Structures are given as structure tokens and as C-alpha cells.
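Thank you all for coming; I would like to take a few minutes to walk through a two-chain model, residue by residue and then across the interface. Please have the sequence and the structure open while I talk.

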Amino acid sequence: MDESLRERVMVRLERCVGCRSCELACRVAHSQSGTLWGAVMEEPKPRRRIFVEQAAESPAPFLCRHCEDAPCVRCCPTGALRFDETSGLVAYAVDRCIGCHACVMACPFGVVQPGRGDLFVVKCDRCEGRDRPACVEACPTRALVLETAFLVDRRRRAVGRFVEAARLDISEADLMAAGSAQSP
Amino acid sequence: MLLTKAEIEARTITEDGQVFLQKAAQDGLETVWDRYQAQKPQCGFCELGLSCRNCSMGPCRIDPFGEGPQRGVCGADADIIVARNLGRMIAAGAASHSDHGRDLVEVLRKVGEGHAPGYTIRSEEKLKKVAAEFGIAADGKTPADLAVELAHAMEEEFGTRKKALTFLGRVPEKRRAIWDKLGITPRGIDRETSEMMHRTHMGVDNDWQSLLLHGLRNALSDGWGGSFIATEVSDILFGIPQPVPSEVNLGVLKENQVNIVLHGHNPIVSEMIYEAAQDPELLALASEKGAEGINLAGLCCTGNELLMRRGIPMAGNHLMTELALSTGLVDMMIVDYQCIMPALGEIATCYHTLMISTSDKAKFPHMAHHEFHPETAQSKARELVRMAVENYERRLPAKVLPAPNTPTRMMAGFSVEAILGALGGSPAPLIEAIKSGAVQGAVGVVGCNNPKIRQDFGHVTLTRHLIENDILVVDTGCAAVAHAKAGLKVPEAAALAGPGLQQVCKSLGIPPVLHMGSCVDNVRILDLAAALANALGTDISDLPLAAAAPEWYSEKAVSIACYAVASGIFTVLGTPPPIFGSPKIVKLLTEDIEGLLGASFAVEPDPEKAAARIEQHIRQKRKALGL
Ligand code: SF4
Ligand code: SF4
Ligand code: SF4
Ligand code: SF4
């Protein structure tokens with residue numbers, strides 16, 4: 001991957017146990033004190049940019065996908081939200097924002113939040129200044145991973161499935177139905 | 001996985017610890033530090049005390065930032081959940097100490113009844129003194145009769161019939177009045193723990209303040225009840241500690257001797273092992289096997305108990321328990337209960353070490369279980385020592401690494417009786433030294449190790465600062481072992497103290513950091529504080545005293561901290577307790593409680609800042625006393 005591009009956060013949904021550690025870590029990463037014990041005492045309270053919802057029987061973390069052709073960017077009248085070619089992220093410039101919240105309505109994932117007094121809009125900034133985002137570091141089951149790791153993991157598991165199915169001489173579908181350790 | 005120098009140094013300040021962290025890594029062991037890394041990140045809800053799994057409508061979590069759920073399924077809010085969780089931690093800690101105390105009472109009774117061969121009454125003086133406190137006249141009775149009667153009276157303390165525990169007789173009047181007014185005078189020992197479990201069941205006590213008050217009462221039932229009994233009965237059975245020289249660190253394990261390491265908390269087993277290790281027949285067997293003797297060494301508080309009374313050297317504290325095995329020199333490790341990591345048995349499988357569990361209530365994977373009972377302890381101890389001696393030949397030379405450093409000298413054995421003895425029989429000279437300012441005050445630095453804190457750094461840094469500022473340090477438990485390893489427990493360490501304390505230590509020939517024993521022996525500190533307050537006709541909270549637990553980890557430590565504060569001693573914790581999910585509870589415990597009890601908690605992970613806070617507190621107390 002190009003050096004200047006910043007890897008986005010990918011979700012391995014099947015691994016999420018709904019512990020909400022990512023939510024806490026995101027708030028701490030966007031707090032004044034930078035510590036959990038300090039963050040809970042702060043006013044205004046630091047906001048999270050990731051949301052763990054119960055979706056279709058499963059806990060599911062939602063965060064900004066940093067879409068390349070983003071609905072929020074398209075609808076932003078001031079250019080406050082724009083796709084930054086260098087980082088590959090949807091960037092937000094608060095000084096251009098008028099707080100119309102068109103983006104809030106446009107985001108298909110509901111991950112752009114209206115600010116409450118202190119900020120116009122709150123959304124994932126992919127943890128500015130951090131190599132590994134706070135949510136990725138915090139996730140105990142590694143449900144949240146960066147793009148490269150995500151792709152490598154998917155490829156290796158796929159090969160693992162082929163090999164295991166071949167060894168057992170069954171179809172891949174049967175292998176998955178039997179609950180293989182190599183399930184995606 | 002091998003560790004870099006920086007990684008090793010971040011884990012421990014100890015020389016032996018650093019050597020054996022690398023050895024353990026080379027041997028492929030997974031240690032407590034590795035497991036801690038693997039657990040990271042730890043759950044923030046639990047860190048804040050905001051998760052509840054007290055019933056099966058849950059588990060529930062409260063969002064500390066106010067957006068998500070603010071109530072559990074039952075309706076409990078953050079304050080209720082934090083208070084209930086803290087209450088249960090106290091109950092678990094108090095239960096542990098108190099159950100340990102009860103085991104000693106059982107031995108006391110069996111000694112009296114003649115059913116505990118090998119055990120005896122080592123301190124008739126203390127037996128008589130304590131019996132008198134329980135209203136049992138000694139006249140004409142044999143020590144055996146007295147032991148049975150006292151044991152019976154103590155058994156009653158565990159039940160429900162008392163209005164107040166007997167040892168409250170030692171508590172200053174003013175303190176008793178505060179407890180009565182707040183309704184936290186401890187009644188039966190087990191009663192308070194049992195009541196805490198009841199109150200924290202769904203749908204019982206849902207007032208966070210009343211839960212916390214009962215928490216204090218529960219902790220007091222440990223401090224002035226269960227732990228107090230444990231210490232006093234240990235003294236009756238095994239003798240009152242007197243100053244004794246010894247040594248500490250992994251260098252105490254001898255290459256040419258049979259090494260038996262004793263780990264846990266209760267002296268009942270280890271005292272019998274101590275006796276058996278003197279047996280000429282077993283010593284002869286050892287020399288037959290090519291060993292130059294049988295070497296006992298301690299870990300954690302079982303170690304402290306033996307150190308205090310017999311001068312047995314210490315191999316280390318809590319975080320050294322796994323590394324001790326990595327020397328390859330431990331022929332047998334015998335454990336009783338508490339603070340014994342369940343990982344130990346598996347680690348020992350890498351070596352020739354025999355792992356022995358001894359308590360009917362504490363079993364561990366990969367350990368052979370040899371249950372001790374008072375009736376058969378003597379013969380059991382001989383059997384185990386024999387096994388250890390026979391195991392000496394099975395050492396694996398390729399896996400042996402004797403500690404490269406020599407053991408550090410230390411002095412232990414400072415019971416209240418020994419301290420008063422050193423002072424010439426009364427607390428008056430200590431009071432004079434405090435009045436003159438030569439000794440500014442005294443601080444109990446106690447508690448565990450915790451892999452979240454660089455091993456021993458919290459203890460040693462805090463204590464060095466305190467003694468430099470003429471504050472006498474008394475210590476117990478793993479903190480005491482940390483100080484000993486750092487060389488602070490020899491009379492020559494007086495040179496590290498401020499001018500006033502230095503002079504006092506030199507004139508009495510004592511170190512500036514006094515080893516008062518195991519974790520149940522924190523009651524010796526309470527006892528001494530109460531004696532000072534009584535001698536001055538005042539309350540404990542008026543004295544220039546403080547306590548600190550810089551590296552605490554256990555539920556027992558929570559109970560200890562709570563009974564210290566409830567007894568009027570300002571207490572600083574190094575690791576944040578799981579209460580920060582309730583700003584109200586944090587404010588109560590760190591500020592408002594001062595108005596009720598004359599003491600409060602503080603949380604300060606930085607030991608230098610903790611020292612500054614304690615010094616400031618001591619200055620305030622001195623000023624209030626007009627000193
Ligand atoms: S709220 Fe701000 S960022 Fe969102 S669409 Fe409006 S101007 Fe653009
Ligand atoms: S990448 Fe950073 S800002 Fe975005 S959701 Fe994760 S923690 Fe929050
Ligand atoms: S931290 Fe990971 S497992 Fe926990 S809720 Fe977030 S994504 Fe799911
Ligand atoms: S007691 Fe209340 S808060 Fe706790 S698990 Fe049950 S419903 Fe949830």
C-alpha cells in the first residue's frame with residue numbers, strides 16, 4: 001500500500017463479542033487527559049466515533065468507512081468534508097463547516113454524529129497522529145483490524161479452508177457447516 | 001519469546017528478577033507479565049467498576065459517558081453497581097483473612113485438646129493476655145485448658161451473638177464512638193461478610209452510601225476480627241516475633257542443598273515443615289544424597305511468617321513466585337493458600353520441582369495434593385521433607401542457574417512487643433521522638449506486587465522518599481520483601497534516612513524500615529497505632545500516620561485499605577480501584593469521608609507524588625497537634 005495512504009479500519013464481524021471496549025478506547029483517544037480515569041471526569045465528555053449496535057442478532061461495530069465516493073462529501077455544501085487523496089480518508093475541516101448536518105442525514109451507516117454545542121460534526125478521524133487506531137488496539141478479540149492485516153488474514157484462512165477440505169475430502173461448504181477453525 | 005533489555009527493565013527493578021525473567025523466557029515459560037500483556041487491553045467497564053454480573057437478567061454495563069444505558073436490567077445505576085462491586089471485593093478480602101484466622105483457632109483448640117501432635121503453645125504470655133481480654137481467667141488453669149477455652153470464645157467471634165468484637169477493647173474510645181454513631185461497629189466476623197453478600201444480591205441494599213458503610217464495617221470485621229485473631233493466635237502457637245537477621249532474593253536458594261520453598265499465607269503447614277527440616281534422620285538422608293543440608297526459603301506471606309519467627313530467608317515476593325522455579329533449584333514448593341498463581345504447577349513441569357498443595361480448600365493444576373490436618377501434620381511434614389530430599393538427585397543440571405547476586409541482608413521480627421521492647425517497654429520514647437520532630441511520623445507501606453507496576457518500583461521509591469524525610473516506615477507482606485531486597489532493612493540503611501530518623505535508628509540499632517510481618521499482621525500496625533493513641537488519650541486519626549499500598553492487586557488489600565481508613569489512617573493506593581465509574585463514590589471516598597472518619601483514601605500511581613501527598617498529610621497532622 002502507498003506510504004502516504006492511511007490504512008482504514010476493517011471489521012471482522014464474526015469476532016465481535018459486543019464488549020464495547022472500542023467505544024471506550026475511542027473516547028479516551030479523543031479526551032483531554034488521554035486516560036480512562038481522567039476521561040470519565042471530563043466536561044464536555046469526550047465523544048466516541050464507533051458504535052457497537054445489536055444488529056441482526058449480532059453485536060456489530062459501526063464506524064466511518066471513509067468512502068471514496070462518499071455520500072456525506074457529495075452533499076456537503078461548503079467542502080468541509082472532502083476525500084483527501086493523500087491519506088485516502090474522508091477529512092473534515094471544522095472551520096469550513098456550517099453545521100447544516102446534511103452529512104449526518106446522508107451517511108448510510110449513521111456514523112456521522114451531530115455535535116452537541118462544542119463540535120458541529122463528530123466522526124471517525126482514524127485517530128489522527130496514531131499509527132494504530134485506538135479502537136483497533138483496544139479490541140480484545142481482534143474484530144477490528146487494519147486493511148492489510150484484514151486482507152492477509154482473509155487470504156490465509158481461505159487457503160486453510162481449501163487445504164483442510166481437501167485433506168478431509170469434503171466440500172468447502174460441508175467444512176464450513178461443520179464449524180471449521182478456518183471459517184472466515 | 002526472548003525479551004530485550006528494555007522490556008526486562010520495564011518489568012522489574014530487581015537484579016535477580018531481571019536475570020530470571022530472561023532465564024524464564026529462554027526456558028519457554030509464560031510468566032505473569034506475559035499473561036498481562038496478552039490480556040491487554042483489559043475491559044474498561046470492569047476497570048471502572050461498571051459491569052455487573054450479579055444476576056442472570058444481566059450481565060449489565062453502564063456507559064460512563066452517559067450516552068448508552070445508565071441502568072442495569074434491574075434498574076441499578078452506576079453508583080449502586082460500583083458500590084455493590086466494591087462491597088463484594090471487601091467481603092472476599094475479609095473472608096480470606098478471617099478464614100485463615102479460623103484455621104488457626106482450630107489448631108489452638110486441638111492443641112489444647114491434645115489432638116495436634118507437634119504443635120504447642122509457644123507463648124503462654126500472649127495466651128494469658130488474650131484470654132484475659134476475652135474475660136477468661138487464667139487462675140489455676142493449665143495452658144491447654146486455657147487454649148481450649150480461648151479457642152471456644154474465638155469461635156464465637158465468628159458467629160452472630162456479639163454486639164461488638166472483643167478486640168475492639170483495644171480501640172481508642174473516640175474511634176469506638178465514631179463507629180457507633182455511623183453504625184459500623186463490627187459484630188460477628190462471618191456475619192458482616194455474609195451480610196455483605198446478602199446486601200449485594202439483586203434487590204436488597206440499593207443505597208450506595210449504606211452499601212459503602214457496611215463495606216467499612218465488613219472491613220473492620222477483618223482488621224479488628226479475623227486478621228487480628230490470625231495474628232494473635234499465630235503468636236500464641238508459634239511465638240511472638242523478635243528481631244532476627246535474615247537474607248532475601250533468589251540467591252537464598254542453595255545449589256548444594258535441598259531447597260524447599262514455602263508459599264502462601266498460613267504458618268500452620270510451614271511451621272511443621274520447619275520442624276521436620278531439623279530432623280536428624282532427614283538431614284542424614286540429605287547428606288547421603290550429596291546435599292549439604294536442607295534449606296528452607298519463603299515466598300509471600302507464609303515466607304514472612306517463618307521469617308518473622310524463625311529467620312528463614314525469603315526467596316522473594318508475589319511476582320517472584322514463578323521466577324523462583326526458573327532457577328531449577330527448587331526441589332519442592334509447598335503451598336497453602338492465597339496469592340498462589342494457578343500457573344505455578346504448569347511452570348514447574350519444566351523442571352524437576354515437586355509441587356505440593358496442602359489445604360483442603362486450595363487445590364491447583366499440576367500439583368500433588370497432600371492435605372494437612374492438625375492431627376497428622378507432623379508426620380505429613382516429615383513425609384514431604386523426605387520426598388524433597390529424595391528429589392534433590394533429580395535436578396536437571398542443564399536447567400539450573402544459581403542466582404548470580406548474593407542475597408541481601410535484612411532484619412525482621414518487629415512485632416509490637418519487639419518494638420516496645422526496643423523502646424524500653426513503653427511507647428513513650430517513640431512519642432517523644434515524634435514530638436521532638438526527630439521522627440516526623442510513621443507510615444505503613446504494605447501490599448502486593450502487580451504486573452501493571454514495575455516490580456518493587458512503587459514500594460521502594462515511596463519508602464526511600466519517606467525515610468529521607470524522617471518518616472519511619474513500618475511494612476508487611478510483599479512490600480516488606482521489596483524493601484528488604486532493596487537493602488532498606490539493615491541497621492546501616494539508617495544512613496539513607498533524614499538526620500532525625502537516622503539518629504533514632506542508630507541509637508536503637510534498628511533499620512529505618514521495620515518488618516512487622518505478613519498481610520494479616522497489618523493488625524500489628526493497627527495495634528501499635530491504637531496503643532500510641534491510647535497513650536496520648538486521643539484518636540488514631542489525630543496522629544501523624546498514613547498508609548500506602550503502592551502495588552496492590554488483591555481483594556484482601558481492598559479490605560485492608562478500608563479498615564485502615566475506617567480506623568482513622570489516611571491511605572494512598574497506587575493502582576486505581578474499580579470505583580471511577582461513580583464520581584459520587586470517588587468523591588465520597590477521597591474527600592467527604594474525611595469529615596466522617598478523620599481519614600480518607602487517595603489514588604496516586606506515581607510513588608514520588610504519593611510521597612509528597614503523605615508528607616503534606618503528616619505536616620498537617622503535626623500542625624493540628626501543635627507540633
Ligand atoms: S454539517 Fe458540516 S460537514 Fe456536514 S454537510 Fe454540513 S457543512 Fe458539510
Ligand atoms: S479509528 Fe479512531 S476515531 Fe475512528 S472509530 Fe477508531 S478510535 Fe475512533
Ligand atoms: S472492542 Fe471489538 S469485540 Fe468489543 S465491541 Fe468493539 S469491535 Fe466488538
Ligand atoms: S443485578 Fe441488576 S445490574 Fe446486575 S446483572 Fe442483574 S439486572 Fe444487571
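Let me begin in chain B, where B:Cys43 sits in the loop between α3 (32-39) and α4 (44-47); helices here are DSSP runs of H or I with at least four residues, strands are E runs of at least two, and both are numbered from the N terminus. What we have is a predicted model, in which local features need pLDDT of at least 70 and side-chain atom pairs count only at pLDDT 80 or more, while totals for chains, interfaces and linings use all residues. Residues are numbered from 1 along each chain as its sequence is written, chains are lettered from A and ligands numbered from 1 in the order in which they are written, and side-chain values use heavy atoms, with hydrogens and water left out.

An unreviewed UniProt entry places the feature "binding site" at B:Cys43, although such annotations may be inferred rather than shown by experiment; the positions are given in the numbering used here, and feature names are shortened. B:Cys43 counts as partly exposed because its relative accessibility is 27%, which falls between buried, under 20%, and exposed, over 50% (1.4 Å probe, protein chains only).

Now compare a cysteine in the other chain: is A:Cys127 buried or exposed? A:Cys127 is buried, because its relative accessible area is 8%, and its place is in the loop between β7 (121-122) and α5 of chain A. Leaving aside neighbours within four places in sequence, A:Cys127 is in contact, meaning heavy atoms within 4.5 Å, with residues including A:Arg6, A:His30 and A:Pro133. A:His30 is 97 residues away along the chain, yet the two C-alpha atoms are separated by 8.2 Å.

Let me turn to the interface, where 19 residues of chain A are in contact with 15 residues of chain B. The two chains bury about 1700 Å² between them, 65% of it on carbon and sulfur atoms; buried area is the accessible area (1.4 Å probe) that two parts lose on being put together, summed over both. Of the area that chain A buries against chain B, A:Leu24, A:Trp37 and A:Val40 supply 35%, more than any other three residues.

Charge also features here, since the rule finds 4 salt bridges across this interface, each a side-chain nitrogen of Lys or Arg within 4 Å of a carboxyl oxygen of Asp or Glu. In one salt bridge, the side chains of A:Arg48 and B:Glu67 meet at 3.0 Å, N to O.
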